Structure formats: structure tokens, C-alpha cells
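Hi,

Here is the structure I said I would pass on. Have a look at it first, and my notes follow below.

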Amino acid sequence: MEVEPIPEQVQEKIEQVDSADLVVGVIEELDQDGLAVLCDALRMLPGSPRVVVLRDDRAANPGQSDVEAAEQSGSSCYLVRWPLLGSATPGAPVVGTSSAYQTVFAASEKFGARACCVIASSLEAATPGWVRELAQPLVEGDFDLVLPHYARRKFEGLLNSSIIAPLMRCLYGKRIHYPMGPDLGISRRLFQKMLGTERGAGVGGNSVHSLASLAPAALCENLQVREVHLAARIYPPTDWMNISSLVAQILGPIFLDMERNAACWQRMRVSVPVPAIGEPLLVSQDTETVDISRMMESFQLGIRDLQEIWGLVLPPSTLFELRKLARLPSEQFRMPDELWVRIVYDFALAHRLRTINRDHLLKSMTPLYLAWVSSYAHDLETAGRTASEERLERLSVAYESGKTYLVSRWRWPDRFNP
Amino acid sequence: MWSQVKQQLAESTARFLTRFASMVPGLAALVLALLISIVIGCILAAIVRPLLSSMRFDDRLARWGFPSVAEWSPMKSPTLLVSRAIAALVVLTGFLIGIAAVDADWTSQLARSIVAYIPNMLGAALVLLVGSVIARFLARSVLIGAVNLNLHYARLLSLGVKWMVVVLTVAMALEHLRIAPGIVKLAFGILFGGIVITLALAVGLGSKDLVTKSLERDAQKTSSDNVEEPFRHI
């Protein structure tokens, strides 16, 4: 992933603004009024820092100059149109977002900013207040990474709930709820480190995925991490045709990072909570029954056709349990947490060992992931918020309990094969 | 008259015995070369077998994407296949050396034609190797993609793609070996076309009901897609 060179026009604008205390990258589209409100919110930050708001140049009105926009918004808030900040890379939205992060880091370095924030959620949900809440700990305190803790509906952010958050918690020993944001606040120390890592990785050809690597980098370096309670974010609707690509795009960088940080996470034994700013926000939960037939069908097809591939990755005992699960009637279908955790660990290990082509490996995991979602939906379809939190806590504990299995297989993949 | 016959007989016997006597050292050398090559082959096989076993060669080969090698190996062990192939190569070399001791002209001709054929054999082996890797890769890609699209005939599609590539590869390898090129071209055309028609029939006509159901289900899914569902993955 390479950061594009800064065009000449933008270079002139950088010289106009000269320097900034805080850089805010807005990846989603935002109109002029929205920008003005955002600048108003940022001016309320303590110490009135000089703020530069970056927006994608494709979203901007070509007739309007950036200086005008800055004047409209007030002297301490500058708007700069920045090329290639948008996340809309066709077929690879996650890679596009990660590239946009790298662009914001490079811009922050250029402005000599103390910190930067990235807003990647739709701004219908991400109110300007969010940006202030993410930026405040960076401006006021000595924090390095400010992560969001969104109010959560039980069937939203499922890839995060089932794999990303519990895996990060178990690996790095910190109970963070949304390690991959995507709305984040990052200190100068951390974004410089990410830029340095990117340059170093570019030489060896092992690219760094900014979004997946941020939290592990901060936790392994013992940097100060805080969570901020935010309202529910608006998730994009599920694209069922490309869900396997999405799974591969998300899990690939996470498994790569596991490989990179193996020395760090093998030392961690227990997890501790991360201090959070603000109060948890409540959100209404649907208690209607949900249709899981599509996901169950995918799992049944996987059991029928993908066993040959899963057999290269999973131990016989896991395959046996999966076959048993496939014979259960839909209403009795439950995937035990321990089984799911072992599946995730075995896939991470197979990714490291390159047992099969990595893209094939990650895409073949999709039916198993959908089986977990079906089981989770069965458990919680009529449950409220508390039950959902308890269910996910049990899953996280299962991840932690299974860590010895992961470490053993990671260290001795040939010798330790149950 | 009788004395002339006797003389001719004696001369021919002497010629035969002389020629045979001149060949005996060569034959002895052939037997000796064969014996020595068999011994060396056995020793090499005995060294290679435990060496490959200690390297977990069979597992590694399966992991590199060649599990089918085990299927046509003796006792389903690629290690045994490699060690026996090495022994056979040594014995063949010993045989050629032995033959050279019997008749140098014939052997040199044989050796020349064998050496000239080696590039073709290597080329064909390379084509087969690359072809089998590509066939496996494409078959897996199609299988995983089709399963993730909830297609019920995923395995059939995957097998079809795999056999198309395998047939193409084998035809290319045989062409490279210059074995009955006319027949190979004809057979390839028939087989390749046959696979395509089989796939078309299986998906289009043979699996008519399956496809109808699948399309109906897709239509239902499309209409249910319009209904707001609660699952959000990222």
C-alpha cells in the first residue's frame, strides 16, 4: 500500500496553512454545511488548537476554493481537499479505507500535527460531537490511541464481535471493543511509528495494513490507549455476494499482524479492561425472530463440498464436531464457543504456515463464520442488550481459555496436532 | 568333398566361437555392471528413504498441493516412489554402461537418441507439473467461490474446470513427447468438447430441476433482500 505523492496544488495549500495541532481526515462524503458544523465543534476543543480538516477532493465542489471554506468556518479551522482520501476502492473497501488512513498519517506528518483523527463512519451517525470526543483525549491528555466504543445493536459488527475484538483481547491482553475503529484518534508518536513501519515493510514487500495494525502496535509498545463511548454507528448493508472477499480482506491483515507480533502476544497471559471516557449509551434492540436460512445453507454446502480443504487446516476432532453439527435440525443448531475459537486459531495457524493459498484459506472460512453467526442469532434473537453483552463476554473468555492451544500449535505446529 | 564340408564346418564353428569368446567379456561386463548398479541403487534407495521420511516428505508434498502423487505411489507413499525411481535410474544407467561394453556402435546410437529425447521428456514433465498446479488452483478457486455463492453444483463446476485443464495439459505433454500427434489432437478435441458439453448438459438439462429450484430460491432471496435484515458484518 503506497501513499500517493502530494500534487502541486495541494502542496501550495499546505504552505498556506503552514502547520496544525490536529488533523481530521473525513473519509465519508460531507457537504459544506456539515463541514462548517464540524469546524464549530472542533473550535470548542480546549486551547483552541489549529485544526486542518482533510476531505476527499472527489467529494468537494470543484468551483469552491479551500481558502474560502476555511474563512467561512473560522480562522483556526482549515479545510483542505486531499486526493485519494475516499474509501470507495471497487472490490476492496477495506484496503481503500486503510490506504486513506495512511494518507491522513502522511498529511499529519506534513503539517507537524500533534495528533490526528479519522472519521470513516457515515456522518449521518458520526455527529461532529464524535470528532470532538475522539480528539479531546489526544489534545488534553497524553494518550496515543483513542478507540470508539459504539453503542451496539446485537446483530451489528458481527465480524468484529466474533473474531476481531475477542482475538485482540486474548492476544494483547486489553479488552478493547472495536480495535479496528474505524473512527479513531491517533497521537503523533503512533502515526509516526505507523509511517515508519510502512516504509520499512515496503522494502521487504510485506505490506502493513494501517487499520489492522494500529491497535496491536499501540498495545505491544505499551502506549496509552483509551476508549470513548459513542452512539451507534450506521453500518453499510451486507453485500452477500462479496461477503467472502470481505472476510478475507479483514482477516488477512489481522493474521499477518499475529505473525509479526508473535513475540509480543505470546507473553500476555491475562486481559485487563481499558479505561473508557463517558457513559455507555443505550440503543434499542430488535427482539423479532430472524431468518438464518441463507447462512445455514452456506454452512451445509461448506460441509458437503469444502471438507477436503478444511481437512488440510482443521484437526480431525474439529471436522468430526462440524459434521455432527451439520446433522442437527436448524432450530437446534448451536456452535459451541470452544469449537469456534479452535477454528479461528487453526485458520490463523494455517495462514502462518501457508498450508494452502492464503486467499483460498480465508475465503473457505466464510461458511464457518456464517455458521457461528447462525448459532449466535439463535441464542439472541429474542434477547435484549444485557444478554448480548453476556454472550460476547462468554465468547471472549473462551478465546482466552483456548490461548494455550494456540500458543502450543504456534510453537510446535508439527508436534502438537490433536 | 567331405573334407571340404568338414573344413567349412570347423571354420564356421571357429568363427562363431571366436566371436562368442570376444563377446563373453562384454556380457560378463554387462552382468557385472547390472549387479553393481543394482547394489548402488539399493544403497541409494536405502539412504534416501529414511532421509525423506525424516523430512516428512509425504506430508510436505501434500501441503505443497500434490496430494494426488500419493494416490499413484507404491503403498501410497511418495517417499517410496522417489527412492524406487532413484534405484531404477541407477540400474538403467548401469544397463546402458553394460550394453556399451557389448556393442559400442549400437549403444552410442541408442544413447544419442535417448539424450536427444530428454529435453522433450523434461518439457512434458514441466508442462504436466505446471498444469496440475494450475488445475488444482483453479478447481479450488471455483469450488470456494461457488460454495460462497450458495451454488448447489459447486463441486460439479470445480471438477469440470479441473478436468478441462488436466485434459489440456496431458494433450500438450503428449504433443511435446511427439506421441501420435494426430490422434492426440483428435482425442483432445473430442474430450475437451465432451467435457464442455457434459457440463452444459449437467447444468442446463440434466440438473434442470436443480437449476429451477436454485433460480426460484435466488428469486426468493432477491425479494427477501429488499426486506431489511438485521445482520451487519463490518
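A definition before anything else: I call two residues in contact if their C-beta atoms, placed from the backbone, lie within 7 Å. With that cut-off, among contacts in chain B between residues at least 6 apart in sequence, 66% join residues at least 24 apart.

Some housekeeping. This is a predicted model, in which local features need pLDDT of at least 70 and side-chain atom pairs count only at pLDDT 80 or more, while totals for chains, interfaces and linings use all residues. Residues are numbered from 1 along each chain as its sequence is written, and chains are lettered from A and ligands numbered from 1 in the order in which they are written. The model scores ipTM 0.83 and pTM 0.79. For chain B the mean pLDDT (the predictor's confidence in each residue, from 0 to 100) is 82, with 83% of its residues at 70 or more.

Staying with chain B: it has eight helices and zero strands, where helices (H or I, at least four residues) and strands (E, at least two) are DSSP runs, numbered from the N terminus. Of its 234 residues, 17% are buried, i.e. 20 or more other C-beta atoms lie within 10 Å of their own, again placed from the backbone. Helix H4 of chain B, residues 78–102, has 25 residues and spans 36 Å from first C-alpha to last, close to the 36 Å expected at 1.5 Å a residue (1.5 Å times one less than the number of residues). Buried residues of H4(B) include Leu81(B), Ala87(B), Val90(B), Gly94(B) and Gly98(B).

Now chain A. The domain assignment (automatic or from a database) gives domain 1 (8–277) and domain 2 (293–411). Between them, 23 residues of domain 1 are in contact with 25 of domain 2. On the domain 1 side, helices H6 (158–172) and H9 (243–260) of chain A each give two or more residues, and H9(A) gives the most, with nine.

And where do chains A and B meet? There, 32 residues of chain A are in contact with 19 of chain B. On the chain A side, H6, H9, H11 (293–305), H15 (358–364) and H16 (366–380) give two or more residues; H11(A) gives the most, with six. By class, that side has 14 nonpolar, 11 polar and seven charged residues (Ala, Val, Leu, Ile, Met, Phe, Trp, Tyr, Cys and Pro count as nonpolar, Asp, Glu, Lys and Arg as charged, and the others, Gly among them, as polar).

Cheers

How values were computed:
Buried ≥ 20, exposed ≤ 12 C-beta atoms within 10 Å, placed from the backbone.
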